[in-house]
Amino acid sequence: MTKLILIRHGQTVWNKLGRYQGQADVELSDAGKKQAELLEENFPYDNVAAIYSSNLKRAVETAQAVADKFNLTVNPCQEFREINFGEWEGLTYEEIHGKWPKEHEMLFKSPDKLVCPGGEGFKDVQERAVEKMQEIIRENDGKQVVIAAHGGVIRTMLCHALGLSLQNMWHIKQDNTAINVVSAYNEGMVVELLNSTQHLAGMTNNFCDNFSAASVKGNEKC
């Protein structure tokens, strides 16, 4: 059995502004750095054998906080990059919806069918992320490992673990620095924990996810 600890990156400036990041290499905001510090201080596991991360700055910086706790090196993997949003990267909900209303609606209603203009689809994301995840499982039998990535990527991995269609991916909430735990057995996967942010107890602000159900209606701007 291999235990996977999947962690979403901390808040970025673009998270705060409501801009779609995708593969743009945006750094953590001051709040995101504080979240990473609390993740390190209050990490809920006593041992980790290896740490993997998307090779984008916001994920690497979040992974480094855990790596420092266990004196480990972060292994960057481009397979865990966020979806390539193509022409949408750097734009806000309103800007995207104004120019690509049908495609943008598909992002939330049919994410399994979406291909972003000039970018990729979540099926592509799931294929590369799950293939790398399976490789990590084979290489770390009997160990606990951390994978720091992005909200979209982690959702596709959790859909795979749960046997869900990507049609259901937005039913899985992922807050900044959220911890998810998946145990991989020969017989399959068991999801033990979803979207835990107990390590952030005491922070005054509640940082939300750009892609929650509320954002579909335009009610959420973080």
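Reply: Helices (H or I, at least four residues) and strands (E, at least two) are DSSP runs, numbered from the N terminus. This is a predicted model: local features need pLDDT of at least 70, side-chain atom pairs count only at pLDDT 80 or more, and totals for chains, interfaces and linings use all residues. Residues are numbered from 1 along each chain as its sequence is written, and side-chain values use heavy atoms, leaving out hydrogens and water.

Me: What separates Glu37 and Lys34 in helix 2?

Reply: The two form a salt bridge, with the closest N and O atoms 4.0 Å apart. Such a bridge is a side-chain nitrogen of Lys or Arg within 4 Å of a carboxyl oxygen of Asp or Glu. Because Glu37 and Lys34 are three residues apart in helix 2, their separation is about one helical turn.

Me: How far apart are the closest N and O atoms of Lys109 and Glu105?

Reply: Lys109 and Glu105 lie four residues apart in helix 5 (residues 101–109), so about one helical turn separates them. They form a salt bridge. Its closest N and O atoms are apart by 2.7 Å.

Me: Is Lys109 buried or exposed?

Reply: Buried means under 20% relative accessible area, exposed over 50%, partly exposed in between (1.4 Å probe, protein chains only). Lys109 has a relative accessible area of 53%. Lys109 is therefore exposed.

Me: How many residues apart in sequence are the parts that Arg19 and Glu95 tie together?

Reply: Arg19 forms a salt bridge with Glu95, at 3.7 Å between the closest N and O atoms. Arg19 lies in the loop between helix 1 (13–17) and helix 2 (30–41), and Glu95 in helix 4 (residues 93–99), so the pair ties together parts whose distance in sequence is 76 residues.

Me: How many salt bridges does a search of the whole structure find?

Reply: The pairs above include Arg19 with Glu95 and Glu37 with Lys34. For the whole structure, the search gives eight.

Me: Which element supplies the largest share of the lining of the largest pocket?

Reply: Helix 6 (122–139), strand 5 (179–185) and strand 6 each supply at least two lining residues. The largest share is three residues, and their source is helix 6.
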